Amino acid sequence: MKMTVPTMLTLARIVMIPVLVLVFYLPYKWTNFAAAFVFAFASATDWLDGWIARRWNQYSAFGAFLDPVADKLMVATALFLIVQSHPTKWMALWAAVIVGREIAVSALREWMAELGQRAKVAVATVGKIKTIVQMVAVTLLLYQAPLLGIPVFTIGEWMLAAAALLTLWSGYEYLRAAWPAMRAQATSTGTSSGVDTP
């Protein structure tokens, strides 16, 4: 397995997950800043590894598999920490929507890959916008405290709600793109097993 720079950055992002948890629970006043910094830095490496891969053509099958896994693990961990720290029904709902959608879309992509049509569920524009909004929201929620009189946490709450809605929208777009292939596969399976299909 060839270890490219983008893959090393992705692995570093996974290593930062326990660092985020440790920093979040340290009993110091600056831990909120440190946790927000760790998450923001990890988010930056997500952008950087993609840029390097495109700029210098450093793609690898392992990196393509690992990158979304690292992103989902980091976001899910951060959301769990936020909900544990602020256990409101709305925070729990938005976190559940985001994590649930990520699991569902990952399963959809794996199935489409088995059908040889993974390209049909490639990341769309709305998915990229969702990712940006989500990363900013989580960073603000981890920071928590007001900054120069700005209600950072409240802004983060509203942005997380927006990210959850964008998550549902992008999930629908992925499902719509995959639906013809899913329907064709279901029809093919029914016909090959001797089951009449409408």
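Which residue forms a salt bridge with Asp67, and how far apart are the closest N and O atoms? I found Arg13 as the partner, with those atoms 2.6 Å apart. I count a salt bridge when a side-chain nitrogen of Lys or Arg is within 4 Å of a carboxyl oxygen of Asp or Glu. Asp67 lies in helix α3 (residues 61-85) and Arg13 in helix α1, so this pair ties together parts that are 54 residues apart in sequence. Helices here are DSSP runs (H or I, at least four residues), numbered from the N terminus.

A note on the source: this is a predicted model, where local features need pLDDT of at least 70, side-chain atom pairs count only at pLDDT 80 or more, and totals for chains, interfaces and linings use all residues. Residues are numbered from 1 along each chain as its sequence is written, and side-chain values use heavy atoms, leaving out hydrogens and water.

Asp49 lies in helix α2 and Arg13 in helix α1, so the pair ties together parts 36 residues apart in sequence. I looked up burial too: Asp49 and Arg13 are both buried, meaning under 20% relative accessible area (1.4 Å probe, protein chains only). For Arg13 the relative accessibility is 1%.

Asp46 gave me another salt bridge to Arg13, at 3.6 Å between the closest N and O atoms. Asp46 is buried as well, at 16%.

Last entry: the structure holds eight salt bridges.

Terms used:
Buried means under 20% relative accessible area, exposed over 50%, partly exposed in between (1.4 Å probe, protein chains only). Helices (H or I, at least four residues) and strands (E, at least two) are DSSP runs, numbered from the N terminus.
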